[in-house]
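Please read them alongside the structure.

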Amino acid sequence: MTLLARLRSFLRAALRRSRMEHEMDAELRFHLDARTDDLVARGLTRADARRRARAEFGDPIRWKEQGREARGLRVVDGLQADLKYGVRWLLRSPGLAVTAVLSMAIGIGANVAIFSAVNTILLNRLPVADPAALVLLAQAAGDGPAGEIQGTTFPYPFYRLLRDSDEVLSGVLAAAHMSPSLDAGGPPERVNGELVSGNYFDVLGVQPHVGRHFTQDDEAAGANRVVVLGYGCWLRRFGGEPSVIGRVIRLNGLPMTIVGVSPRSFQGLEVGGGAELRVPITLQAEMHGERSRLERRGHWWLQIMGRLKLGVTRAQASVVLDREYRAYRATLPRSEDAIEQLAVLDGSRGDPSLGQRFTLPLMVLMGLVAMVLALVCVNVGNLLLARAAARHVEMSLRLAMGAGRLRVMRQLLVETLLLGSVAGVLGLVASRLGVRVLAQLAGAPPEFEFALDTRVLTFAATAVGITALVCGLPPAWASTRVDILRALRVETSQYTPGRMAARRMLIAGQIALSLALLVGAGLFARTLFNLRHAGFGFDPAPLAVVTLNPVLAGYDAHRLPGFYAGVLERVSSLPAVESAAFAAIPLLSGGFWGSGLTLDTGGRHDDMGPFRNAVGPGYFGTIGIPLREGREFTSTDSATSQPVAIVNEAFVRRYLGNGSALGRRIGPAGPRGGPRFTIVGVVADSKGARVREELWPFWYVPHSQLEAPDGQIEAAAELALHVRARGSPTAALHDIRQAVASIDSRVAIGGGATLKAQIEDQVETERLLATLAGVFAAMALLLAALGLYSAVSYMTASRTREIGIRMALGASPPAILRLMCATNAPTIAAGAVAGVAISLLAAERLRPLLFELEPADPATLLAATAAVTFATAAAVLAPARRAARIDPAATLR
Amino acid sequence: MAPKADLLQGTLDMLILKAVSLGPLHGYGVLLRIQQISNDRLTIQQGSLYPALYRLEHQGLLATEWGESENRRKAKYYRLTAAGRRQLQQATRSWNEMADTIGAILGAGPEQV
């Protein structure tokens, strides 16, 4: 309680300072007046009484000072004086101040920028009402509580079950991804969208930016054809006009009314999620021209999120929901192999997949910028240390006059804190620019923002505090550790090897850190190179892919083959196109397909098995995958001819063993599986889904033979046209678009991209890491070189007289040059050795991010060491040559 | 008149609390009351009273308000708070214990040693 009283009293005194001073004066005056009156009453003259009263009272200045101290104001006064002095000093040496502030601002800015990303992606909760109560449902394998998460999708009937029972959840929403073709007046475009339950926005507690969100009525059967736009979509495609409410657009050819726009902060269930629009879930069948999934009990396609009832914990909810899940699962037919149990995950950060993907890269970046900041601290610390030497006399004088060592250190720390605060403000501003660049590099949608919240501000303040302390403490310590007598007597700018030892160690540390950063940057750059030039099994340079889905434009199954044949003919005859072929799964798009495997030997693989694709005639020739044996698919492989397959060499090795693969029969597993397809060809291995995958076993069937036996018309509804261009594939893409539009302009063209661009998309994270690591490493090397340069210059300057004497005694300029280099060579060597050691230790942590590269890559280590040696040698040589040019006559005079 | 005793370290606070416990006083009044109670046997350097008063106020043992003095001057009056009263009781108790102990030691005859 008295602590509170003290705090209150201190704050009152500190904040209403002039009033307190005034009252103190009045009180002391009253005392003197009253005393004088009493003494006059005892018979003294007024003048005598006054004098006597004053004498009895003592020195009022002293009492007032003690009074202020009693209220804890002395520290405040001291700090104020320190601050004033600090400002004055900084203004007197602007060069130093600017250098220090700028380098600190760079270090702090980089840290705050990366932390902003960490904050937004890993720490922030969804911008919805009470995110802490949100849970995400998932399926987990096994029976224990620590079951491994297998997926986060569920059938609609299960969702309905949860929604209608309100035991533990106060609200349950469902959402599913889709990519409809959007026709808002211009040419149709494929966009990212979501099918959502009617209560989606209600459960999340998100208010619309304009118009209205969905209600439960929108989900009723025969639902309203309504759409809610995302903020970014509204801004980009509709000019941010509030008048779009009520406008009718076409989604997959279906007229839909825009009823609202969601707020800017809301991006969906995933940070940076790219859904441009949302429609009620009940429109699924109508929009996609397919069978309704709403009554299909075994179709797993919906993400489910719930809001816990007040007072219900996640563990309690888990028990209840798992029971419901098991009961539901028991009603499914045996062939629907559902995963054992239900897990209730923390939903406050939405779908955690983005976070998981970026955790390691972000941590690595955080480590890199922390190293940059450490370098900055060393550099600024070095600068201040040099200045401390120059302020030697001042410090000695202060100490000689009785200032406590801590008091003098405080003065120096306040100065660094002042530098740090200015740098912190600049760094914060710089970080806002930095995160914009970061978002662009990471390919985030333009309206995506890295939040500037209290967490980021606290981080920035902490960074400033630590930076100031680390920069300021060693110089403060060193400059107050003085032999007063000696300092005041002896000339100050003397070369003292002992003092230099500390600086040398700092410089060696800088060299080590920058070397480690360079190694990191080198590893990422090489990884990026390796990924771009990975052994794809074909040359991606002349290729381009467009995805077509005529079903979205109203085609039924009968008209599909005609449309596709027409497109193939028209595109193949374009002068810019060498050849073209269809495939169900576009190459290197990240998508893959597996359906188990059955063999003519009776062998059976019920797991996902080898990757699979359905391709058209001439596909392998178009892509450039060499045919090893047998033949390609041709136009005679049709729905009515013998089912045929082509496999790759990895497939032969893994599943067929020795002997010719031609003539063997294979097929999918599953209820309608069986070895129906006769192998007619073997092709070379190639990558299918991702740049980072290995050369996987693959089997291909003609897409024309896919539909009938499997009944899988969905797979053939959307086909990707792969094109080998004669010249630039980018130019060919333009012609292809026009060719498709000339056949039917209502068919949207999805994912039109060159294969090179597709590869770039996949190496986005690696590109980001390589770019940023490169920038940070360059900054580090520059800082280290600058630090070394200034240190050597300083040492040279303080040895001028010594060098003069040496030269006067006959040392030649080359000898002086050698001397200066020899003094610094051990520092550089020690730094390099330490840097290599740090790199070897740290790089092991980077292993999961590297590609076809060992963390201890000798070439990278060698190149980084060479770069550091070169830069530091340059930093030493310049001042050393200056030293060698010294005129002995001038220095000795 | 007995020789004036210098004030023991740390006892000024206790005397101030005691003086104020008999009724609100301004700073000069505190001085007068201490002198009056002690029959002028204690010297207090008058100005040193004020840092002590501020300290006690800072600690929440005294509360202050501005009022008018007996000769119609504006003066700052000090009053004991509840915390101050507790503190005074405790200080008095430990002072008495201390005085007893010291007295017993100093009064010990040779037979007790």
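1. Why is helix α3 of chain B described as largely enclosed by the rest of the structure? Nine of its 10 residues, in the run 49-58, are buried, so the rest of the structure largely encloses it. Bear in mind that this is a predicted model.

2. The buried residues of α3(B) are B:L49, B:Y50, B:P51, B:A52, B:L53, B:Y54, B:L56, B:E57 and B:H58. Just after the helix, B:G60 has a positive phi of about 80 degrees.

3. Chain B has an open, antiparallel sheet of three strands, in the order β2-β5-β4. β2(B) joins β5 (residues 74-80) through two bridges. In that antiparallel pairing, B:L25 sits opposite B:Y78 of β5(B).

4. Now the interface. Contacts link 27 residues of chain B with 27 residues of chain A. About 2,500 Å² is buried between the two chains, with carbon and sulfur atoms giving 57%. B:Y28, B:Y54 and B:H58 supply 30% of the area that chain B buries here, more than any other three residues. Two of these, B:Y54 and B:H58, are among the buried residues of α3(B).

5. Polar links are present too. There are 10 residue pairs in polar contact between the chains. Two salt bridges cross the interface. A:D37 and B:R73 form a salt bridge through their side chains, at 2.7 Å from N to O.

6. Which elements of chain B supply at least two residues each to the side touching chain A? They are α2 (27-37), α3, β5 and α4 (82-106). α3(B) gives the largest share, six residues. By type, this side of chain B has 10 nonpolar, 11 polar and six charged residues.

Technical notes. Residues numbered from 1 in each chain as written. Chains lettered and ligands numbered in written order. Predicted model: local features only at pLDDT ≥ 70, side-chain atom pairs only at ≥ 80, totals over all residues. Heavy atoms only, no water. Pairing = 2+ DSSP bridges. Helix = DSSP H or I, 4+ residues; strand = E, 2+ residues; numbered from the N terminus. Buried < 20%, exposed > 50% of the residue type's maximum accessible area, 1.4 Å probe, protein only. Contact = heavy atoms within 4.5 Å. Buried area = accessible area lost by both parts, 1.4 Å probe. Salt bridge = Lys/Arg side-chain N within 4 Å of Asp/Glu carboxyl O. Polar contact = N/O pair within 3.5 Å; in protein donor to acceptor, adjacent residues only side chain to side chain. Nonpolar A, V, L, I, M, F, W, Y, C, P; charged D, E, K, R; others polar.
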